[in-house]
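Thanks, everyone. I have one structure today, and a few minutes to walk through it. Please keep the viewer open while I talk.

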Amino acid sequence: MRVRYCALVFLKGLAAFLVAASFWEVIDRNFVFATTISGYRPNFGHFPASGRAVNSEEGYSSTWYDAEGFREGRPIPAPANRILILGDSYTNAMQVATADNYCSVLQRMFGASGKDVWVINGGVSGSSPARYVNDAPWYLSNLHPQQVVVQLDQLHFVMDLPVQHGDFFLRPTRNGFVIRSEEERHQVQDQLKHFGLGRFILDQSLVRTAMLRLGFRDEQLTFASEKQLSVQGVDYAPYVDWVVHNLKKAFGNPLIVYIPTIDYFNLEKPPHNVESELAAECAHEGLSFINMRQSFLQSFACNKAPCHGFVNTAPGVGHINAIGHALVAKEIYKALVRRGTVR
Amino acid sequence: MIFSSVEYVGFLLAILVLLALVRSLKAQKVILLLGSYYFYARWDWRFLALLAGLSLSTYGCTKMIREGRDRKAWLIVSVAIALGTLGYFKYADFFIGTFIEVTGLHMGLLEVVLPVGISFIVFEVISYAVDVYRGEAEFEDSFLDFAVLVAFFPHLIAGPILRPNHFLPQLSRRVRITVPNLSAGAQLFVWGLMKKILVADRLSQFVETVFNHPGAFSPATTWLGVFAYALQIYGDFSGYTDMAIGSARMMGFDLPQNFNLPYLAKNVTDFWRRWHISLSTWLRNYLYIPLGGNRRGVFRTYENLAIVMLLGGLWHGANWNFCLWGGIHGLGLIVHRIFSNGKTEDSVGSFWITCGRGLTFLFVVVAWVPFRSLDWHGTLMIWEKMFGFLPGEQVRWVSVSLLYAVPCLIVADLGSRMWFNDKRLRLTRFTHQLAFCLAAIGILVLAPPQSSPFIYFRF
C-alpha cells in the first residue's frame with residue numbers, strides 16, 4: 001500500500017515536472033532565449049541555419065534566419081545594387097529589433113533617397129576577420145555584391161585572432177600568418193548531426209538555457225575543445241597589417257567600419273592602440289576607414305545617452321544599442337554616397 | 001561554495017544522504033561538524049584553525065564560568081579573545097589607515113586577509129559565553145555540540161545568529177531526514193533562490209554602474225539606482241537567509257526567521273524589528289541592555305541608541321561609511337522615540353500609518369547610500385544628485401530590470417511569508433508539485449547571465 005502511494009506521488013511529481021518544463025520550454029523559446037541549430041558549410045564555417053531566434057539577455061529581439069543564415073533574409077531583387085556587410089555580433093545585432101539594426105536603417109535610408117540598393121546583413125556572432133577572408137570566395141560568387149563593408153572591433157584583435165577558440169583564427173608562421181579553423185569542433189558538430197535529438201537538446205532546448213545559467217560555457221555544450229593562448233604581451237600591429245591587407249586582397253575596395261569600445265564615464269581614458277594602427281594601415285592600403293568613436297562621443301555629449309548598453313543591462317556596457325546603430329548607418333550611408341559606388 | 005551554486009546543492013544532498021544512512025546521534029553530529037568545516041574550508045582552508053580556535057577558547061572559558069571560579073574574569077577573557085580576533089582581522093588596517101590619515105605618519109598597513117563570516121562567528125561565540133554567564137543558557141558539556149553550534153554550515157557565513165538555548169537542544173535528538181522536512185526545506189530554499197537570482201542578481205549590474213559613477217547620472221536615474229540597491233540588498237540577504245533556513249530544515253533543524261517584510265515597517269523602530277532580526281536582537285541583548293537600555297533616563301537612552309547603531313554599523317565593515325549608515329539609523333530611532341513618546345500604534349489613524357510606512361521606506365532607501373557607496377565622496381555626490389544639488393550634464397537612463405525584479409520579489413516574499421506562517425505546499429499533491437516545479441525551473445530560465453556574490457559575505 002505504502003509502495004503504491006509512493007509510486008503514485010512520484011508519478012505525479014514526474015508529470016508535474018514535465019508539464020512545468022514544457023510550459024517554460026514554450027516561454028523560453030518564444031520570449032527569453034532561443035538559438036537556431038547552427039549550420040555548417042565545409043571550408044566556410046558555422047552560420048545560423050534557418051529558424052527563429054530570441055534574445056532577451058542584452059536588449060531584446062525576436063527574429064528569424066533564412067536557409068543561408070542571413071537575418072530576416074528575403075529574396076534579393078536581381079537588378080539591385082548589393083551592399084554586403086560583414087561583421088560579428090555588432091552587425092548580427094541580436095540585441096536590437098530588426099528595424100533598428102544598422103543594416104535595416106541603411107536600407108531605409110537608401111530607399112528614402114530613391115536609390116535601388118539591397119543591403120545584405122552578413123553578420124555572424126563570433127566571426128573574426130580571418131573568417132571574412134576565408135569566406136570571401138563564397139560571398140562573392142553567391143551574392144555578387146557591388147560593395148562590401150567590413151565591420152571590425154577591438155575584440156577581433158585582442159581576442160578573436162590571437163586566441164584559438166573561434167571558428168577562424170590566425171596562427172603565426174615564419175612568413176606571417178595562416179588562417180586556421182577549429183577542425184575538432186567541426187568534426188564534433190558533424191558527428192552530432194547523427195544524433196538529432198541529442199543535438200536538439202543541447203543546442204536548442206530549455207536544457208541548454210538551464211546549463212548556461214548553471215555556469216556551463218557555450219563551447220562545453222558543443223563538446224568543442226578550447227585552445228587558448230595567452231594574449232598578454234601580444235603585438236597587435238602584425239594582426240592589423242594582415243587584416244587590412246587581406247581584406248583588400250579578398251574584396252577589392254571594402255569600406256572598413258570600426259566600432260570602438262568606449263568608457264563613457266571615464267572619457268579621458270585613451271583608446272586602444274588598435275584604433276590608430278587600423279586607421280594608419282587603412283590609409284597605407286588606400287582603403288576608406290570609418291571610426292565610430294567621434295560620432296558616438298558627439299552623440300553622447302549632446303544626448304547624454306551612451307551608444308552602448310540596454311535598458312535591461314547597464315548604460316555604456318556591452319553591444320551598441322539603437323542609437324549606436326542609427327549612427328553607424330548614417331556614417332556608412334555618407335561614405336558610400338561620397339564614394340559614388342551606389343547609384 | 002555559495003548556496004546558489006550547483007556545487008552547494010551537491011554538497012547538501014551528500015550531507016542529507018550521510019545523515020539518513022547513519023543511525024548514531026554522535027556520528028551524525030560528527031558528520032555535521034566535518035561537513036561544516038569542509039564548507040568553510042572551500043572558502044579558505046587556512047582559517048579553519050581560526051574557527052576551531054575560537055570554538056575551543058570559548059568552550060574553555062565557559063567551562064570555567066560554569067565551575068564558578070572568577071566567572072566575570074573568564075567572561076572578559078572569552079569576549080576579549082573573540083573581539084581581539086575580530087579587531088585584528090577586520091579593523092586593524094582600518095584603524096591604522098585612519099591613524100595615518102590623521103597624523104600623516106608613514107606606516108605600513110598589515111594587509112590582513114579578512115576571514116569570511118568572521119563577524120557572525122564572533123557574535124555567535126560571544127552570545128554563548130554571555131548567556132552561560134547570565135545563566136540564560138546551560139553550559140554544553142559536549143564540545144562536539146558546541147562546535148556544531150558555531151560552525152553549522154547553513155548559518156556559518158552570514159547568519160542568522162543563533163541563540164544557544166534555541167539551537168543546542170535540537171542537537172540532543174537524532175536527525176531524521178523526513179519527507180515533510182525535505183519538502184518544507186526545499187520550498188523555502190526555492191523562494192530564497194528566487195530572491196537571490198531573479199531580484200538581487202538581476203539588479204546588480206545596473207546598481208553597480210550607478211554607484212561606480214556617482215556623479216554621472218540624472219537625479220531620476222540615481223533614484224532608480226538607489227531604489228534598485230534597496231531591493232538588491234534585501235533580495236540578496238533575505239534570499240540567503242531563506243536558503244540557510246531551508247537547508248537547515250531539510251536536515252530537521254529549525255533556525256529563526258531573520259526578515260519580516262522590512263520595507264513595510266511603520267517606523268524606524270519597527271524596521272529594526274523586521275530587518276536582520278537576529279542581529280538587532282543580538283545588539284539589544286548584548287549591547288543595548290548592558291549599556292542601560294532605556295532605564296537610565298531619556299538622554300542616556302538616546303545615547304545608548306546612538307552607540308548601539310554606530311557600533312552596529314561598524315560591525316558591517318571597517319569603513320566610516322558603515323558608521324555613517326549606523327549613525328543615520330541611530331538618529332532615526334532617536335527621532336522616532338522623541339515623537340512617539342507615550343503614543344501607542346492604536347492611537348494613530350490608518351492614514352498616518354500609511355504615511356509612516358512610506359516615509360520609513362524613503363528614509364531607509366536614502367540611508368542605504370553610504371552603505372553601498374565606495375567612499376564619502378561618492379555618498380555625498382549621490383545624495384546631491386538625488387536631491388538636485390549637483391547640476392550639470394548627466395546620463396538619463398531607465399532600467400527595466402526593476403520591472404522584472406519587483407514582481408519576482410513580491411511572489412518570493414509572499415511564498416516565504418506563507419512558509420513562515422505554516423502555509424506550505426504539500427508536495428504530494430499534483431497542483432502543488434506543479435507550482436513548485438514551475439518556480440524552480442522558472443528560476444533557471446529567467447536567471448540573468450551572470451551571478452554576483454552574496455553581499456553579506458563581506459561582513
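Predicted model: local features only at pLDDT ≥ 70, side-chain atom pairs only at ≥ 80, totals over all residues.

The scores are ipTM 0.78 and pTM 0.84. Chain B has an average pLDDT of 89, and 97% of its residues reach at least 70. Within chain B, helix α10, residues 219-250, has the highest confidence, with 94. Helix α4 of chain B, residues 71-103, has the lowest, with a mean of 88.

Next, the interface. On the chain A side, 30 residues make contact, and they meet 28 residues of chain B. Which elements of chain A supply at least two residues each to that side? They are α1, residues 2-32, and α8, residues 206-213. The biggest giver is α1(A), with 14 residues. By residue class, the chain A side splits into 21 nonpolar, four polar and five charged.

Now the sheet in chain A. It is open, has five strands, and pairs in parallel. Read across, the order is β7-β6-β8-β11-β12. Two strands sit at the edges: β7, residues 117-123, and β12, residues 289-291. Each has a single partner strand, so one side of each has no neighbour in the sheet. From one strand to the next, the twist averages 20°.

If you want a residue pair to click on, take A:Ile256, which stands opposite A:Phe289 in β12(A).

Helix α3 of chain A, residues 102-112, lies across β6, residues 81-87, and β7. It runs at about 175° to β7(A). Helix α4 of chain A, residues 129-143, also packs on the sheet. It touches β6, β7 and β8 of chain A, where β8 covers residues 147-153. The direction of α4(A) makes about 160° with that of β6(A).

Over to chain B, and one helix pair. A packed pair is described by two numbers, the angle between the axes and the distance between them. For α10(B) and α15(B), residues 350-372, the axes come within 9 Å and cross at roughly 80°. That makes the two helices roughly perpendicular. Which residues of α10(B) make the contact? They are B:Val226, B:Phe227, B:Tyr229, B:Ala230 and B:Ile233. From α15(B) come B:Val364, B:Val365, B:Trp368, B:Val369 and B:Arg372. The tally for this contact is nine nonpolar, no polar and one charged.

Last item: phi angles. Most residues other than glycine have a negative phi. Two residues here are worth checking. A:Ala93 is not a glycine, yet its phi is positive, about 55°. It belongs to the loop between α2, residues 89-92, and α3 of chain A. Is A:Ala93 buried or exposed? It is buried: 31 other C-beta atoms lie within 10 Å, and the cut-off is 20 or more.

B:His276 is in the loop between α11, residues 268-274, and α12, residues 277-288, of chain B. B:His276 also counts as buried, with 23 C-beta neighbours inside 10 Å.

That's my tour. Questions, please.

Terms used. Residues numbered from 1 in each chain as written. Chains lettered and ligands numbered in written order. Contact = placed C-beta atoms within 7 Å. Helix = DSSP H or I, 4+ residues; strand = E, 2+ residues; numbered from the N terminus. Nonpolar A, V, L, I, M, F, W, Y, C, P; charged D, E, K, R; others polar. Pairing = 2+ DSSP bridges. Axes fitted to C-alpha atoms, helices over the stretch in contact; angles between N-to-C directions. pLDDT = per-residue confidence, 0-100. Parallel < 35°, antiparallel > 145°, perpendicular 65-115°, else oblique. Buried ≥ 20, exposed ≤ 12 C-beta atoms within 10 Å, placed from the backbone.
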